[in-house]
Amino acid sequence: MDLQAFKQRILPVQGRLFRLASMFLRNREEAEDAMQDVLLRLWSNRQQLDTYQSVEALAVQMTKNLCLDRLKSPARQKMTDDSSLLTVQAEGISPYRQTELTDSATLLRRLIDELPEQQKFILHLRDVEEYSFEEIEQVTGLTVNNIRVILSRARQRLRDNYLKANAYEAGH
């Protein structure tokens, strides 16, 4: 694969790779570093990329694996930068409502973090990146039916936990 083909096939997915890395690492700089590492690895192995059915699926899988490795790394500091990921538009919204929305977004972020890795990953691919079930099948190797079940369970768990948390807060 030459430079032109690399630019055409890999660079358009940079945004998706960055958002995926951000979901896992919760830090803008770490997510940028992870994305750059993946792009460098893809460039280094560009001669073999034509053998893959979907280079995008490969890039997503590489990003996921690299992020999980970084999360497991004992040297990783527990710095988070959720402020850059959770921004609430302040125009025309009362301070009370703005706080309520920020709290709700923070709660959802925490509940998503508590999901099993597979559920979190598939939920992200489907609902954030808007991948089709077939694209998710390529990335994960799971069947479409299995993906639908995992996604349904993830959404149900999020819904239940969100309602429980709000009921708990309302009761206190």
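Phe6 is buried in this predicted model, with a relative accessible area of 6%. Trp43 has a relative accessibility of 28% and counts as partly exposed, because buried requires a value under 20%. A search of the whole structure finds two aromatic pairs, and Phe6 and Trp43 form one of them, with edge-to-face geometry. This pair links distant parts of the chain, with Phe6 in helix H1 (residues 3-9) and Trp43 in helix H3, 37 residues apart. Phe24 and Phe121 form a tilted pair. Phe24 lies in helix H2 and Phe121 in helix H7, so their pair ties together parts 97 residues apart in sequence.

| Aromatic pair | Centre to centre | Between the planes |
|---|---|---|
| Phe6 and Trp43 | 5.0 Å | 75° |
| Phe24 and Phe121 | 6.3 Å | 40° |

Phe24 is buried at 5% relative accessibility, and Phe121 is buried at 2%. Helix H7 also holds His124, which is buried with a relative accessible area of 5%. Beyond its neighbours within four places in sequence, His124 is in contact with Arg19, Leu20, Met23 and Glu129.

Two arginines lie over ring faces: Arg46 over Trp43, at 3.8 Å from the ring centre, and Arg148 over Phe133, at 4.0 Å from the ring centre.

The largest nonpolar core has 47 residues. Leu17, Phe24, Leu42, Leu49 and Val60 have the most contacts inside this core. Helices that each supply at least two of its residues include H2 (14-25), H3 (28-44) and H9 (144-171). The largest share, nine residues, comes from H4. Leaving aside neighbours within four places in sequence, Leu42 is in contact with Phe6, Ile10, Leu49, Leu58, Ala59 and Met62.

Definitions and conventions:
Residues numbered from 1 in each chain as written. Predicted model: local features only at pLDDT ≥ 70, side-chain atom pairs only at ≥ 80, totals over all residues. Heavy atoms only, no water. Core = buried A, V, L, I, M, F, W, Y, C linked by side-chain atoms within 4.5 Å. Buried < 20%, exposed > 50% of the residue type's maximum accessible area, 1.4 Å probe, protein only. Helix = DSSP H or I, 4+ residues; strand = E, 2+ residues; numbered from the N terminus. Contact = heavy atoms within 4.5 Å. Phe/Tyr/Trp six-rings, centres within 6.5 Å; stacked < 30°, edge-to-face > 60°. Lys NZ or Arg CZ within 6 Å of the ring centre and 35° of its normal.
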